[in-house]
Amino acid sequence: MKKKLKIDSYNKKILSTLHLEGAVTNIELAEKVNLSPSACFQRVKALKEAGYFRNLHADINLDQLCEHVLAYIEFTLEDNSAPSQRRFVNRINDIPEIMDCMQLSGDVDYISLSCFPNIKALNEVCAYLSDQPDLRIKRINTRIVLERTKWFLGYPLAKLKWLDDEEFSGAMVSERIGM
């Protein structure tokens with residue numbers, strides 16, 4: 001079991017900074033969070049070992065690097081039993097082009113963000129999954145991304161309630177956007 005750490009103001013600043021700037025050096029990070037480089041390094045190491053972040057990633061410019069098709073794939077299953085869901089999730093996890101998969105409420109059971117080299121490859125994977133009788137997929141809808149107008153730039157950590165906060169001082173969304 002991973003050791004639980006207190007998420008104090010320094011750890012919040014470290015996580016918030018690393019979340020958006022994964023390539024920051026330890027010295028730059030230490031300056032941003034107002035710690036010595038040694039103390040900062042120890043905290044980052046402890047946070048990682050405790051599982052508060054899993055990895056650091058580069059945000060590559062895919063449009064500049066290769067041809068690709070981004071698509072959302074919606075899956076509706078015939079059977080929503082736990083064994084059926086596990087089979088589906090295990091199969092999806094084996095397909096690297098399906099980068100993200102979330103279970104939803106409503107008339108669609110799962111939605112995934114995918115990246116394929118072309119539409120033919122996307123269709124082949126959808127057909128492969130449809131042809132698996134043990135997955136009991138009722139319907140697959142694909143939605144090709146025509147333009148990505150806003151990129152995921154990190155979670156809005158400053159607006160979320162941290163689990164160890166006594167009070168949450170963030171304003172309601174409706175208050176922040178003037179509703």
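L62, D63, H68, V69, L70, I144, V145, L146, E147, R148 and W151 line the second largest pocket of this predicted model. Residues are numbered from 1 along each chain as its sequence is written. Because the model is predicted, local features require pLDDT of at least 70 and side-chain atom pairs pLDDT 80 or more, while totals for chains, interfaces and linings use all residues, and side-chain values rest on heavy atoms, without hydrogens and water.

**Pockets**

The elements that give two or more residues to the lining of the second largest pocket are α4 (62-65) and β1. Helices (H or I, at least four residues) and strands (E, at least two) are DSSP runs numbered from the N terminus. A pocket is an open set of points on a 1 Å grid over the protein atoms alone, where a 1.4 Å probe fits, with protein on both sides within 12 Å along at least five of seven lines; lining residues have an atom within 4 Å of a point. Grid points are joined across faces, edges and corners, and a volume is the space filled by probe spheres set on the points.

| Pocket | Volume | Lining residues by class |
|---|---|---|
| Largest pocket | about 2000 Å³ | 25 nonpolar, 6 polar, 10 charged |
| Second largest pocket | about 150 Å³ | 7 nonpolar, 1 polar, 3 charged |

The largest pocket has a volume of about 2000 Å³. Of the 41 residues lining the largest pocket, H19, H57, F152, G154 and Y155 are the closest to its centre. Two or more lining residues come from each of α1 (9-20), β1 (69-77), β2 (98-103) and β3 (110-116). The greatest contribution, 4 residues, is that of α1.

**Sheet and helices**

An open sheet is formed by 4 strands in the order β2-β3-β1-β4, with antiparallel pairing. Strands β2 and β4 (137-144) are at the edges with a single partner strand each, so one side of each has no neighbour in the sheet. From one strand to the next, the twist averages 20°. Two strands pair if DSSP finds at least two bridges between them. The antiparallel strands β1 and β4 are joined by 7 bridges, and Y72 has R143 in β4 as its bridge partner.

Helix α5 lies across β1, β2, β3 and β4 and runs at about 160° to β2. Helix α6 (residues 119-130) also packs on the sheet, touching β1, β2, β3 and β4, and its direction makes about 165° with that of β4. These angles, from 0 to 180 degrees, are taken between N-to-C directions of lines fitted to C-alpha atoms, for helices over the stretch in contact.

Strands β2 and β3 pair in the antiparallel sense over 5 bridges. Their hairpin has 6 residues between the strands, and G106 takes a positive phi near 100°. Q103 stands opposite Y110 in β3.

Both Q103 and Y110 are in contact with Q85, as is N80, leaving aside neighbours of Q85 within four places in sequence; contact means heavy atoms within 4.5 Å. Q85 belongs to helix α5 (residues 82-93). A polar atom of the Q85 side chain lies 3.2 Å from the backbone oxygen of N80.

How values were computed. Polar contact = N/O pair within 3.5 Å; in protein donor to acceptor, adjacent residues only side chain to side chain. Nonpolar A, V, L, I, M, F, W, Y, C, P; charged D, E, K, R; others polar.
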